[in-house]
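These are my notes from an afternoon with one model. I wrote down each thing I looked up and what I found.

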Amino acid sequence: MVIEKNRKSFSYMRIFIYFFLILGSFMMMVPFIWLIRSSLMTNAQIFVFPPEWIPNPFQWSNYSEALTIVPFYRYFLNTMKIEVFTVIGVLLTSSLAAFSFARLKWPGKNIVFALLLSTLMLPYAVTLIPTFIFWKSIGMINTIVPLTVPAWLGGGAFNIFLLRQFFLTIPRELDEAAYMDGATPFTVYWKIILPLSKPALIVVGIFTFINVWNDFLGPLVYLGDNDSYTLALALASFKGMMNAQWGYLMAASAAITFPIVVLFFLAQKSFIQGITLTGLKG
């Protein structure tokens, strides 16, 4: 009797939790749904009251018009060029640094790691001016070098911390067995640690991709040539050109958001696995 009662209370609790999760998910989806429906409407349809949720008729031409008024394909290629260099650099250098902190022994390791984590408290704006002066002094303004090279210099404190925490969950017996067979630390890193850390690497890769995709301030500071604009800069410029054409603005915004949504759905299993497994061991 008591067990049956507990089962019923547990079932009611699950229903209660699912209800609020569904409600919260719907509330989070409303802005995205509004973006999509507005991208397929004329201005008159967008601002009609009461609001219409289903376009009638669908204005598919908004997408073709919005994406051809300015050369978004060029800005997409510019963005992907930065993405490729940055994601590869972050994955390689942050994993190397994390491997050193997690699996190797060297004097002052904990102190250096604490100093590394302290850099997370520095706002980006604090280092923006001295960093800009440095890149300007060596003639790298209006190039993608300031936006890509830093990714090859450690990959960021947060990424190092995330990967270090994941590497700590991998049994050390694997390292010891490899060392007994004559493996070097780099061999352990490359052939043992990295293959077992795909979920964490995917998490870091997704975070990096999204940060670069959405980065507005960096390209705004370092890229002055219109032909070298990224999608974030191009969208901001497009908004200035089309401040009254809301259908075109929504279509361009939806088109730029779409790759991020697709990326998450394709990698969500590994993403969630990497997040849940990271930090299980300190």
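Which helix supplies the largest share of the lining of the largest pocket? I looked this up and found α6, with five residues. The model is a predicted one, and I keep that in mind throughout.

Entry on the pocket. I noted a volume of about 1,300 Å³ for the largest pocket. Its lining has 34 residues, and those closest to the centre are Tyr124, Pro150, Ala151, Gly155 and Gly156. I then checked which helices take part: α4, α6 (124-137), α7 (145-148), α8, α11 and α12 (217-222) each give at least two residues to the lining. Sorted by class, I have 20 nonpolar, 13 polar and one charged residues in the lining.

Entry on Ser95. I found Ser95 in helix α4, which covers residues 72-103. Is Ser95 buried or exposed? Its relative accessible area is 1%, and buried means under 20%, so I wrote down buried. A polar atom of the Ser95 side chain lies 2.6 Å from the backbone oxygen of Leu91. Leaving out residues up to four places away in sequence, I listed Val90, Leu163, Phe167, Tyr189, Leu194 and Leu201 as what Ser95 touches.

Entry on α10. I checked the length of helix α10 (residues 185-196): twelve residues at 1.5 Å a residue should span 16 Å, and the end C-alpha atoms are 16 Å apart, so the two agree. In α10 I marked Val188, Tyr189, Ile192, Ile193 and Leu194 as buried. Among what covers these buried residues, I noted α4, α8 (157-167), α9 (173-180) and α11 (198-214).

Technical notes:
Residues numbered from 1 in each chain as written. Predicted model: local features only at pLDDT ≥ 70, side-chain atom pairs only at ≥ 80, totals over all residues. Heavy atoms only, no water. Helix = DSSP H or I, 4+ residues; strand = E, 2+ residues; numbered from the N terminus. Buried < 20%, exposed > 50% of the residue type's maximum accessible area, 1.4 Å probe, protein only. Polar contact = N/O pair within 3.5 Å; in protein donor to acceptor, adjacent residues only side chain to side chain. Contact = heavy atoms within 4.5 Å. Expected span 1.5 Å × (residues − 1). 1 Å grid on protein atoms, 1.4 Å probe; cavity = no way out; pocket = protein on both sides within 12 Å on 5 of 7 lines; lining within 4 Å. Points joined across faces, edges and corners; volume = space filled by probe spheres on them. Nonpolar A, V, L, I, M, F, W, Y, C, P; charged D, E, K, R; others polar.
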